[in-house]
Amino acid sequence: MRPFEYTRAASPGEAGQMAAAPDARFIAGGTNLLDLMKLQIETPDALIDISRLDLAAIERTDDRGLRIGALVTNADLAADPDVRRHWPLLSRALLAGASGQLRNKATTGGNLLQRTRCGYFYEPSARCNKRMPGSGCDAMEGINRMNAILGGSSACIAVHPSDMAVAMRALDAEVETLSADGATRRIPLGDFYRLPGEDPSVETVLAPGELIVAVVLPPPHGGWQTYRKVRDRASYAFALVSVAAAVRLEDGLMRDVRLAFGGIGTMPWRDQRVELVLEGKAPSDKLFDEAARLLLQEARGHGHNDFKIPLTRRTLMAALRETTASFEEETSA
Amino acid sequence: MSDKIKITLTVNGTAMTAEVEPRRSLADMLRDDLRLTGTHLGCEHGVCGACTVLVDGKPVRSCLMFGVQANGASVRTVEGLADGDRLHPLQQAFWENHGLQCGFCTPGFLMLAAGALEENPDMTDEEIRDVLSSNLCRCTGYQNIVKAVRLAAEVMKAGPAPQATRS
Amino acid sequence: MSAKKPAKYGIGAPVRRREDPALITGTGRYTDDITPDGTLHGFVLRSQMAHADITVEGIDEVRAMPGVKLVWTAADIADLGGLPCQANMELADGSRLTAPPHPVLADGRVRHVGDPIAFVVAETASAARDAAEALMIDYDPLDVVVDTAAALDPDAPVIWPEKGSNLAFEYHGGDAAETERVFAGAARVVELSLVNQRVVANYMETRGAIGEYDAATGRYTLTTGTQGGHSMRKILADDILKVDESLIRVVTPDVGGGFGTKNFVYSEHPLVLHAAKTLGAPVKWTGDRGDHFVIDSHGRDNVTTGRIALDAEGRILALQVDLVAAMGAYLHQFGPFIPEGALMMATGLYDIPVWFMKVRGVFTNTTPTDAYRGAGRPEAAYLIERLIDLAGRETGLGQVEIRRRNFIPPQKMPYTTVTGQYYDSGEFDAHLALALEQADFDGFAARRAKSRAKGRLRGIGLATYVEICAFPGSEEANVVLNDDGSATLYIGTQSNGQGHATAYGQLIAKYLGLDLDKVETVQGDTDRVRTGEGTGGSRSIPLGLASVDIASKVLVEQIRQLAAERLETSAADLELVDGTVRIVGTDRSVSLAELAASTPGKAKLKAHGNFQQDGATYPNGTHVCEVEIDPETGATTIVGYTVVDDFGVTVNPLLLEGQVHGGIAQSIGQALHEAAIYDESGQLVTASFLDYAMPRADDMPSIRFETRNVPSITNMLGIKGAGEAGTIGATPAVMNAVVDALDAARGIRHIDMPATPSRVWHALNAA
């Protein structure tokens, strides 16, 4: 690992100022960053340790939503009674996401910023535009079974690996940040990630030194929620396909349909056209199939990952059946 | 640039100071600087769990944490699990139930289970298996590890065993 | 009648391990836990490309970097020999196998990802790594071949031009013409082509090595995890360092798993020794998981076609096998021997009169393959057990009857197979019957119906395996009574976590009337133990314990003689109990400590045992696996697992069961999860635990295990060996269960390992 300077920040404001320097990074749980530094995929000159900042509270907001401090660990968030009762989707996604030891260290903010697990990103001798912009993409013609079928560009088809972010996307989360100049802003998660385009090394809209201080959830959705994750033990624990689904049933009709997907997109994927197809209609396999077709009409396989197209369809159908079935018929994800 | 940083922390109940390069992982710091070689490294990527220690009471992977981040923290390693000559019920149970073979992954499993049982002494068998699934063992097939943790949980709930000694 | 209390020690006692107190308190000592004063640290720079001509630039600049002590490429160590391949076997054309060179550092050309290019030693491990990474490697890429099945294609790039093709060797067994003739006249032929995929040992302790050199005596000391230091010492002395064997000491501390792969000499062993001599300081190298994946020998990687000819009643008339085994880019130490295990054991437990087998070893731009738990026998069992299962399906006889009809019948025992193996003992139908009963085979149909009602596919699979252990040979044991009344065993086997010190110790403790903690086992030091054949092929207990038994008995006799003089009685009246020698039925005794301390000359306090075994042993048994498959996701869950094994004699049931559990876990790993995968450019894309799926606690069933032992008549103590059996029986049992589920649902009769969810799902959706 390359040497670097280490500083523990005393306040969020100070952290942002220090991290505005080129090649400085925040570190909190470090579960992903430290690994990437060992492999010299990330080679920061300076690490700003934010792990002791006072950003680890989970609080209800005035409008019955939830404000989750950026440093709340995945373990604490998954175990939070409010989260388990009102946002069970989030709790399930977190538990599906990583081992206990990692959940104890990984933070809410850090989880959103996880880097891809694409094998070519990790392999120094391979070409990877995310690691080394302009070098090319070996995944395109390589072993790409874990790669994206949606949102890819000719430069990159790496999947965003977070389970939590998929749940957050379905729950309409917003990211609260503090800029190096002291300004704060709220970014809907839908606007937070960038598609790879020509430069996949830039993954979010965050400016240098801009610190995630919290993630804010709107009031509970109230309907049936599920997080279905199909993983293949050919990889450690990352999703081949995951579906976060929340649906309310009113008089037999689907309302407030929210669907987000992991494992298939270059960012946590959501397509509101698909939700609109279902909105206000009675659940049926035929309708679910139509929704799946719409979701996947622009999907593109690259050989090894072609199977994700039918697998996504089936997983979505199963998730929709589960969330719209009566309580007795509900099966565990 | 690679100047060492002086930190203080509590390790197995003893206050310690160490001067470490920022790039040193907690695992390397424990092993190389503090000479606590019971914490093992099996993969360096946070997957195998051999390096599991308790930081402020919670099991974490010490290969995925910088030593400097432990400044001010309380760290427990396998060397601090027994109470003097009296083995921890988990150690006793691993011994009696043949829960280890080569022993390399064992400290990580012990610390993982210790942290998990301290948080939830009433884990079901399924929960035990689930918790233990975050660490890797190549020798035992896990059956005796699961059994040992289950039996240790019962002993821990019943209170300290009077005669559990190391010999 | 009161229940009989099991004996505290001796054969059959469930003694908890002597090794454990250190290992559970963090006071075990593995290689990387040892750092002598003044240690310098080495780093091996490895090839990132699979096949290329290389030049290394910037060496002088790197030598001048702060803290750097030494930078070596091939040219700097030209006086060292290469890594030898010890398989000089006779080939089909009558010639002897010759291996291409395998240099310690790649000499101008790299042939697989991970091939070592340079060795850098510096004051710290990170300085060595930083320096190594500052070297500039100029790669001139060559064409790459990674696919085992395609290695012999006429247009495949040839890795060793002097060989003319990628054919490393070819050897045969059996009678080709007779086999053809029988097949031509057979009522039915069953054929199956299988891939036995490449897997990685993945012991939890990655390798490390510490080299030390004493200029005054000219002696080297290598501290490293091994499966036996003596063979390593000989290779280092004779083949690589070219010094007298007496000048090398190999010390093996605690070993965190070996599984075959720690048997061998790797480049880092001579490098740390040679560097220690050059620099006059200890030199340590610690490999990480990434190193393990690319440089430690891999296992399996065969592409096999097997055929059996059957008569109208379903009896096997002949077996024909064509096996292509990937050797990797070099021939590894035992590499070409491994498929021979598959050849010797090809006929399994069946009475097969005619056979022919062709084995071809091929070069590919991959990490060399060598012994991995089972080493050839799992490949044999996987083929014959998949084939016989398929025959059961195709004939309609079913998986049980086809086996019964073809088992070697009891009246033919002992039996010499057509492949030349002498099965000394075993009752095959009996362990099959017991396993079926334990697994409630008869209740399977009802369980399948229940699963079907839930939308799940259920299958049950068998493997009735046999393997070969404890190859002919010996392992000497020396037992010494110390002045403090404790005993020490010196033996050259090497525990890698199996618990040898407990198994040996419990026998010595019984004979000498000592507590187990008064019996120390010295292993892993070529200076303290004269000879040693190491651990491998499940030999340590059958051979080692027999010698321990002999030595202990001799020592007991000597002690009795000494005590008889002392107590002025007849030796026949003496018993050894509680650390004393006592006149039976009295309280007159002398303690072992007193006796030992007062015995002049110490000759009578030492005893030697060296059991020579002429034949091998053949453990066998039945595995029954039951699976449930979710057709929606293709995920396979093992819902039941039963094993009945014939290990001859059980020495320590705790340890024995542990061996079986662990072996089955590795096999379930291969059957359902693990695969080492190279892409077309020769990159190992599964080179970390992120990408290589190891079985975890929630992947494992609860295993029901029993023994039904028939003592071996080859081994002195009747022991057959148990280190690999679990690995050998489980892959076919699991895969036969998966196929059973798929066949019942969709008529699918073959799927390759690993049966991952996506592979199963694809199979279901293609059918």
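How many helices and how many strands are there in chain B? In this predicted model, chain B has five helices and five strands. Followed from one end of the sequence to the other, these elements come in the pattern β-β-α-β-β-β-α-α-α-α. The radius of gyration of chain B is 16 Å, close to the 15 Å given by the globule rule for 167 residues, so the chain is as compact as a globular protein of that length. The C-alpha trace of chain B extends about 50 × 30 × 30 Å along its principal axes. Of the 167 residues in chain B, 65% are buried. Among contacts in chain B with a separation of 6 or more, 61% are between residues 24 or more positions apart.

Chain B can next be viewed by its domains. The domain assignment gives domain 1 (5–80) and domain 2 (89–157), and the centres of these two domains of chain B, taken over C-alpha atoms, are 21 Å apart. Where they meet, 15 residues of domain 1 of chain B are in contact with 14 residues of domain 2 of chain B. On the domain 1 side, β3 (52–55) and β4 (58–61) of chain B are the elements that give two or more residues, and β3(B) gives the most, with three residues. By residue class, this side of domain 1 of chain B is made up of seven nonpolar, seven polar and one charged.

An α-helix has 3.6 residues a turn, so residues three or four places apart point the same way.

Turning to chain C, the domain assignment gives domain 1 (34–142 + 202–295), domain 2 (424–469 + 617–766) and domain 3 (473–613). The centres of domain 1 and domain 3 of chain C, taken over C-alpha atoms, are separated by 38 Å. Their contact takes 19 residues from domain 1 of chain C and 16 residues from domain 3 of chain C. On the domain 1 side, α5 (229–241) and β11 (248–251) of chain C each supply at least two residues, and α5(C) provides the largest share, four residues. This side of domain 1 of chain C divides into four nonpolar, 12 polar and three charged residues.

An unreviewed UniProt entry lists residues 25–143 of chain C as "domain: Aldehyde oxidase/xanthine dehydrogenase a/b hammerhead". In the model, the end C-alpha atoms of residues 25–143 of chain C lie 51 Å apart, and the span is 13% helix and 28% strand.

Methods. Residues numbered from 1 in each chain as written. Chains lettered and ligands numbered in written order. Predicted model: local features only at pLDDT ≥ 70, side-chain atom pairs only at ≥ 80, totals over all residues. Domains from an automatic or database assignment. Contact = placed C-beta atoms within 7 Å. Nonpolar A, V, L, I, M, F, W, Y, C, P; charged D, E, K, R; others polar. UniProt positions renumbered as here; feature names shortened; annotations may be inferred. Rg over C-alpha atoms; globule rule 2.2 N^0.38 Å. Buried ≥ 20, exposed ≤ 12 C-beta atoms within 10 Å, placed from the backbone.
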